[in-house]
Amino acid sequence: TEDNGIQYAQLSISGIRDARVNDQSQNQLFKLLHRGYTGVYANGDGDKGVADCPFDFYHQWVTNPKVAQAMAESVTRSTIGVKCCPVHGIPIDGSTKVAYATVTKHEEAVETQSLFEFACCQCFRPKPN
């Protein structure tokens with residue numbers, strides 16, 4: 001496919017249902033709830049695999065979403081906006097300050113885009129000399 005291309009797929013309910021019943025390697029719904037079924041079967045331990053969710057976070061998400069949200073915030077952030085990558089109208093760092101950007105000319109748009117890309121990446125790369 002070409003760079004930055006758009007891919008389309010024509011889907012039908014009957015096609016999806018057929019794939020869920022008959023597909024092998026691309027049957028993610030079956031494989032997710034039958035993990036390791038080939039090894040379990042080869043060992044003589046049945047033909048179902050493992051259905052239990054292997055991730056405590058996802059179990060927590062289903063049973064107590066507020067606790068899961070706090071868990072996610074403890075390793076990410078607790079605010080919807082971030083200073084180094086502002087989004088128009090979104091509060092930054094939990095304050096009432098919001099990001100705004102207005103561009104009227106093409107040249108300004110290119111310059112603003114370059115500055116924006118630098119601002120988004122400066123947290124991860126040294127500033128240029």
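This is a predicted model: local features need pLDDT of at least 70, side-chain atom pairs count only at pLDDT 80 or more; totals for chains, interfaces and linings use all residues.

At what angle do helix 4 and helix 5 pack, and how far apart are their axes?

Analyst: Helix 4 covers residues 56-63 and helix 5 covers residues 65-75; they pack at an angle of about 135°, and their axes are 6 Å apart. Angles over 145 degrees would count as roughly antiparallel and those from 65 to 115 as roughly perpendicular, so the two helices are oblique to each other. On the helix 4 side, the contact is made by F57, Q60, W61, V62 and T63, while helix 5 brings P65, V67, A68, M71 and A72. Sorted by class, this contact has eight nonpolar residues, two polar ones and no charged ones.

Now for the surface. F55, F57, Y58, W61, V62, V67 and M71 make a nonpolar patch of about 700 Å². Each of the two helices, helix 4 and helix 5, supplies at least two of the patch residues. Helix 4 gives the largest share, with four residues, and V67 is a patch residue that lies in helix 5.

Notes:
Residues are numbered from 1 along each chain as its sequence is written. Side-chain values use heavy atoms; hydrogens and water are left out. Axes are lines fitted to C-alpha atoms, for helices over the stretch in contact, and angles run from 0 to 180 degrees between N-to-C directions. Angles under 35 degrees count as roughly parallel, over 145 as roughly antiparallel, 65 to 115 as roughly perpendicular and the rest as oblique. Contact means heavy atoms within 4.5 Å. Ala, Val, Leu, Ile, Met, Phe, Trp, Tyr, Cys and Pro count as nonpolar, Asp, Glu, Lys and Arg as charged, and the others, Gly among them, as polar. Patches are made of residues with over 30% relative accessible area and no salt bridge: like charges are joined within 9 Å, nonpolar side chains (Val, Leu, Ile, Met, Phe, Trp, Tyr) within 5 Å. Accessible areas come from the Shrake-Rupley method with a 1.4 Å probe; for residues, only the protein chains shown count as cover. A salt bridge is a side-chain nitrogen of Lys or Arg within 4 Å of a carboxyl oxygen of Asp or Glu.
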